[in-house]
Amino acid sequence: MKGTIIVCGHGPGISDAVARRFGREGYKVALVARTAERLQASVKSLADAKVEAKAFPCDLADPASVRRMVGEVKASMGPVTAIHYNAYGGGGGDLVTAKPEELAAVFGVSVQGLVAAVQAALPDLEANKGAVLVTGGGLSAYDPAVDAIATNWGAMGLAIGKAAQHKTTGLLHAKLAPKGVYVGEVVVLAAVKGTPFDQGNATLEAGTIADKFWELHQGRSVATVSLG
């Protein structure tokens, strides 16, 4: 049974390409983001591509909202057999001047939302040998050059959020593998065409990343791969 994939943090680029890739393979697609109008437009676009999709507006930084959303997806679209977690928080860009409270939102989206989604869908994931697929970022790397880039870009909060998410993904991989649930991550090391990070010099195609996620999903062994 293909079942349903929940695409958390849907927008143009990687998440939309994943929705289309899994939709072509027979998955129903639950699109999740904060803006209902954009989600509905994406549902129509996917329907034009013969992909069955529905919109589920949700604040992914709020675990209660995430749990509610997963319940709504299950009731409307059936068992959850995959999650693509593409959401990230970008607050706390300058750790010297930003309010420390901004980091709560960063971790809320990057870690709490991911854990809440996995926990809420876990019975379905275990029953169907499902998968959790996470979009990682190169700013998560422990490297002085990367730290300098994050500092210069005003993306320090994003960097630590992605670092925490990377660790969370590894821990979930280790914990859930014995239960037959695959957890894996594609770490994106370059700008992706058609996304807000594309300043005209992006080198990665969203479809290439979606294909890599499908490859991980099929192989179900490697916890992390990098592209860029």
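Colleague: What makes two strands a pair?
Modeller: Two strands pair if DSSP finds at least two bridges between them. This is a predicted model, and in it 5 bridges join strand S1 (residues 4–8) to S4. At least two are needed, so S1 and S4 count as paired. They run parallel.

Colleague: Which residue of S4 is the bridge partner of isoleucine 5?
Modeller: Alanine 82 is the partner of isoleucine 5.

Colleague: How do you know that S4 pairs with S5?
Modeller: Count the bridges again. S4 and strand S5 (residues 131–137) share 4 bridges, in the parallel sense. The cut-off is at least two, so they pair. Isoleucine 83 stands opposite valine 132 in S5.

Colleague: Why is strand S4 called largely enclosed?
Modeller: Buried means under 20% relative accessible area. In S4 (residues 80–85), 6 of the 6 residues are buried, so the rest of the structure largely encloses this strand.

Colleague: Which elements make a β-α-β unit, and what is its hand?
Modeller: S4, H4 and S5 make the unit, and it is right-handed.

Colleague: What describes the packing of two helices?
Modeller: The angle between their axes and the distance between the axes. For H3 (residues 63–77) and H4 (residues 102–127), the angle is about 35° and the axes lie 8 Å apart. Their crossing is right-handed.

Colleague: What makes residues of H3 and H4 count as meeting?
Modeller: Contact means heavy atoms within 4.5 Å. Val66, Arg67 and Val70 are among the H3 residues that meet H4, whose side includes Gly113, Ala117 and Asp124.

Definitions and conventions: Residues are numbered from 1 along each chain as its sequence is written. This is a predicted model: local features need pLDDT of at least 70, side-chain atom pairs count only at pLDDT 80 or more; totals for chains, interfaces and linings use all residues. Side-chain values use heavy atoms; hydrogens and water are left out. Axes are lines fitted to C-alpha atoms, for helices over the stretch in contact, and angles run from 0 to 180 degrees between N-to-C directions. A crossing is left-handed if the near helix is turned anticlockwise from the far one by less than a right angle, and right-handed if clockwise. Buried means under 20% relative accessible area, exposed over 50%, partly exposed in between (1.4 Å probe, protein chains only). A crossover is right-handed if, with the strands pointing away from the viewer, the path from the first strand over the helix to the second runs clockwise.
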